[in-house]
Amino acid sequence: MSRKVALITGSAKGLGKRTALTLAEQGFDIALNYVHSEAEAFSLRSDIQQRGVRCIAVQADVSRREQITYLAGQVEERLGTIDILVNNAGPFIRERKPFADYSQDEVLEMIEGNLVGSLLLDRLVLPGMRKKHWGRIIHFGFGHAAESRAWPHRAVYAAAKTGLVSFTKTLAVEEAPHGITVNMVCPGDIRGGNKEITIEEARELQDGQTPLGRPGSGEDVARVIAFLCHEDSDFVTGNIMDVSGGLDPVRPWIKPS
C-alpha cells in the first residue's frame, strides 16, 4: 500500500521544515515548497530521503496564482494525490506600522499570500481527497486569531488570517461528509532558530514574555499537526488551536515569576 503524500508550503526553513521532518518520521512522503531558499530545500530533501520516504522540492510562490497551480500539479505528477496539505507559507511584515502607511502592493501581497493562496490551493487538492474519501488540511494562524480582535499595526495580516478562520470552519463542515478534516494551528511568538528546535532544547532556554517561562519550539507546533494528520483524528475538525504557551500576542501578558 502506497504512503500518503503531504505537501507543506514554505518548508525549506522554520516551522515548515520542522513539520516536514516530523511528518516524514511518521512515514508520509513529503513535498517541500520554497521560493528563494533552494539550497536549504535541497539539503532538507536529502535529509528526509535518508529516512526512507520519498521527498521532492518544488519552487513556487503561493501568493502568485499561476504558481499555485504549478505547485499542485508537480506534486501530483511526481508523488501522487495530495493527502495532506499544510498551508504554512505566508508573508509577514515585521515592521510595526498603521494601516494608512501600507502601500497598495503590501496590502495585496499580504492578502494574496495569507488568504487567497490557501483558498486556491485547498480548492486544487479537494478533488483528489474526495476521491479517496480521506484528507487533512491544516491552515496557519496566529494566537487568538479565532477571537478576531483588533491588532494595531498588524491590520492586513490579521484581516487575512481571521478571514481564514471563518473559511477553516466552513470548509470543515462542507468536507466532513467526504472524510476530509480542516483545522487551523496558531503558533505563539516563535522566532528565528527556535522554529526548528525540539521541545527538549526549548526547555533549556528562558523566555521573559511567555507565561510558561520558555520559548516555543518548532516541535511544539509540528507535533500538533502530526496529531491532526493521524488516521484516528477524523473527529477533530473545524478547530482553531493555539500553541502559544499562554502568550497573548495582541494584549499585555503576565510575565512568568
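Which residues of strand β1 (residues 5-8) are buried on one side, and which on the other? The views below are of a predicted model.

**View 1. Strand β1 is covered on both faces.** Val-5 and Leu-7 lie on one side of β1, and Ala-6 and Ile-8 lie on the other; all are buried. In a regular strand, side chains alternate between the two faces of the sheet.

**View 2. Strands β1 and β2 run parallel.** β2 spans residues 29-34 and is joined to β1 by four bridges. Val-5 has Asp-29 of β2 as its bridge partner.

**View 3. Cys-55 forms no disulfide.** The structure as a whole holds zero disulfides. For Cys-55, the nearest cysteine sulfur is that of Cys-229, 15 Å away. Cys-55 has a relative accessibility of 5% and therefore counts as buried, the cut-off being under 20%.

**View 4. Cys-229 is buried.** Its relative accessible area is 2%. The closest cysteine sulfur to that of Cys-229 belongs to Cys-55, and because the separation is 15 Å, it is too far for a bond. A disulfide is a covalent bond between the sulfur atoms of two cysteines, and the cut-off applied to the sulfur pair is within 2.5 Å.

Note on methods
Residues are numbered from 1 along each chain as its sequence is written. This is a predicted model: local features need pLDDT of at least 70, side-chain atom pairs count only at pLDDT 80 or more; totals for chains, interfaces and linings use all residues. Side-chain values use heavy atoms; hydrogens and water are left out. Buried means under 20% relative accessible area, exposed over 50%, partly exposed in between (1.4 Å probe, protein chains only). Helices (H or I, at least four residues) and strands (E, at least two) are DSSP runs, numbered from the N terminus. Two strands pair if DSSP finds at least two bridges between them.
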